[in-house]
Amino acid sequence: MAKIELQDLQFAYPGKSFNLAVKQQVFADPMTAIVGQNGAGKSTIFKLLTGLLQPDTGIIKVDGHDLADFKPVDRLKTIGITFQNPDDQLFNATVKREVEWSLSQVNDDRDANSQQADKVLANVGLAEKAAENPYDLSLSERKLLTIATVLAIDPEIYLFDEPMISLDSPSKLMLTQIFHELVADGHQVITITHDMDWVAAEFGAVCVMEHGRIQFTGTPRALFGDRGLVERVGLLPPKVMELTSMLGDSRVYLSPEDYYKQNLGK
């Protein structure tokens, strides 16, 4: 499993008051959620990890190697990203060509790229849309298409910025299953999300950001057990905890299944 290390990382946008400052942070859990209010620095972390932004100071290491030393093709094979807005990533004439273009950045075998594109489009339920223009797709389908472009390359580390936005329930279940399959195959998945129910039920680790600083790293159970922190950084506990709290039960529950296990499954 990959390990990302941030050391003395500093970044500031010109002309803005925002300042990212991370003294020491390690991402080593197979599935990590990064949470926090808008403007906390979550997407900035992602852009620094992919080289879209360069830190003012500090070092980013992947498995002990300085990310700044990676060649572009090696970086693509190591870290893949999907943005919150899929329209920031789509520009080809057809759905299939969108995936093939991503593959062409790391592999010049057109036949292999075509076969891989067909495979990943089927995996995300877009096989029948292969010949369509990406902008004729729904927002949900465009979101899945950007995910397909990264799945096709199969990097060591996946970064997903709000992947569940606009998806219907079946698509959310499908994507969650894909994430777990990636982890089972040895990949690392790091996701920015505001969906605390999803975080609580599915993720092994949570990183909480506030004003460009990392305020907490630990398990979802530890996070939601710290009600003061959750309230201070503007997060909401899982819905099951909101309900049980109204009933006078102050224990931490990560999901309805967790509630059953703690109370009825003994």
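1. A polar atom in the side chain of Q188 lies 3.0 Å from the backbone oxygen of F27. Please keep in mind, as you look at this pair, that the model is predicted. Q188 itself sits in strand β8.

2. Is Q188 buried or exposed? Q188 is buried, and its relative accessible area is 0%. Setting aside residues up to four places away in sequence, Q188 touches M1, A2 and I4, then F27, A28, D29 and P30, and also E156, I157 and Y158.

3. H194 belongs to the loop that runs between β8 (188-192) and α7 (196-202). H194 is partly exposed, as its relative accessible area of 38% falls between the 20% and 50% cut-offs.

4. Which backbone oxygen does the side chain of H194 reach? That of G36, at 3.3 Å. Beyond its neighbours within four places in sequence, H194 is in contact with G36, Q37, N38 and K42, as well as E162. For a sense of distance, H194 and P220 are 26 residues apart in sequence, and their C-alpha atoms are 13 Å apart in space.

5. Now to helix α3. Seven of its ten residues are buried, so α3 is largely enclosed by the rest of the structure. The buried residues of α3 are V95, K96, E98, V99, E100, S102 and L103. Their cover includes α4 (110-123) and α5.

6. Both α3 (95-104) and α5 (139-153) come up again at the largest pocket, where they, α2 (72-78) and β6 (79-82) each give two or more residues to the lining. This pocket holds about 510 Å³ of space. Its lining has 20 residues, and L76, I81, Q89, W101 and S102 lie nearest the centre. S102 is also among the buried residues of α3.

7. Which element gives the most to the lining of the largest pocket? α5 does, with four residues. Sorted by class, the lining has eleven nonpolar residues, seven polar and two charged.

8. Finally, the record: an unreviewed UniProt entry lists residues 4-236 as "domain: ABC transporter". Across residues 4-236 the chain is 39% helix and 24% strand, with the end C-alpha atoms 28 Å apart.

Terms used
Residues are numbered from 1 along each chain as its sequence is written. This is a predicted model: local features need pLDDT of at least 70, side-chain atom pairs count only at pLDDT 80 or more; totals for chains, interfaces and linings use all residues. Side-chain values use heavy atoms; hydrogens and water are left out. UniProt positions are given in the numbering used here, feature names are shortened, and annotations may be inferred rather than shown by experiment. On a 1 Å grid over the protein atoms alone, a cavity is a set of points where a 1.4 Å probe fits but cannot get out, and a pocket is an open set with protein on both sides within 12 Å along at least five of seven lines; lining residues have an atom within 4 Å of a point. Grid points are joined across faces, edges and corners, and a volume is the space filled by probe spheres set on the points. Ala, Val, Leu, Ile, Met, Phe, Trp, Tyr, Cys and Pro count as nonpolar, Asp, Glu, Lys and Arg as charged, and the others, Gly among them, as polar. Buried means under 20% relative accessible area, exposed over 50%, partly exposed in between (1.4 Å probe, protein chains only). Contact means heavy atoms within 4.5 Å. A polar contact is a pair of N or O atoms within 3.5 Å; within protein, one must be able to donate a hydrogen and the other to accept it, and residues adjacent in sequence count only if both atoms are side-chain atoms.
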